[in-house]
Amino acid sequence: QRHFCQTMTKKGYTPMIYFNWFQSERLYYLSELEEWPFWLAMYQDRMTYPWEVEMWQYTCTGKVPGIQGDVDINVYMGRL
């Protein structure tokens, strides 16, 4: 993740670290990635995650007029 984010930053992009709670506990060292915004997928009705996140994907069964089927719905939480 660090290598990818460093490469994208050098190219002028602002990458985000996208993950779910399981990945944050088992796959990532979030303290080593804090220079980039976090985007959390956690499907529940309120935010209970202990780290600061900039984007929260709170459902994968959202509805949007004009789109057939379910869609992911996200909310911007922070400091980009």
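Here is a quick tour of this chain, from its overall layout down to a few of its residues.

First, some ground rules: this is a predicted model, where local features need pLDDT of at least 70, side-chain atom pairs count only at pLDDT 80 or more, and totals for chains, interfaces and linings use all residues. Residues are numbered from 1 along each chain as its sequence is written, and side-chain values use heavy atoms, with hydrogens and water left out.

**The whole chain**

The chain has 2 helices and 4 strands; these are DSSP runs, with helices being H or I of at least four residues and strands E of at least two, numbered from the N terminus. The C-alpha trace spans about 40 × 30 × 20 Å along its principal axes. Of the 80 residues in the chain, 30% are buried. Here buried means under 20% relative accessible area, exposed means over 50%, and partly exposed is in between (1.4 Å probe, protein chains only).

**The core**

The largest nonpolar core holds 13 residues. Such a core is a set of buried Ala, Val, Leu, Ile, Met, Phe, Trp, Tyr and Cys residues joined through side-chain atoms within 4.5 Å. The members touching the most other members are Ile17, Phe19, Leu30, Leu33, Phe38, Leu40 and Tyr49. Two elements, β1 (17–20) and β2 (38–41), each give two or more residues to this core. Take Leu30: leaving aside neighbours within four places in sequence, Leu30 is in contact (heavy atoms within 4.5 Å) with Phe19, Ser24, Phe38, Tyr49 and Trp51.

**Two residues to look at**

Tyr18 sits in strand β1, and Thr59 lies in strand β3 (residues 55–62). Tyr18 counts as partly exposed because its relative accessibility is 40%, while Thr59, at a relative accessible area of 16%, is buried.

Not counting residues up to four places away in sequence, Tyr18 touches Gln23, Tyr28, Trp39, Ala41 and Gln57.

| Side chain | Partner side chain | Distance |
|---|---|---|
| Tyr18 | Gln57 | 3.0 Å |
| Thr59 | Thr61 | 3.0 Å |

How values were computed
A polar contact is a pair of N or O atoms within 3.5 Å; within protein, one must be able to donate a hydrogen and the other to accept it, and residues adjacent in sequence count only if both atoms are side-chain atoms.
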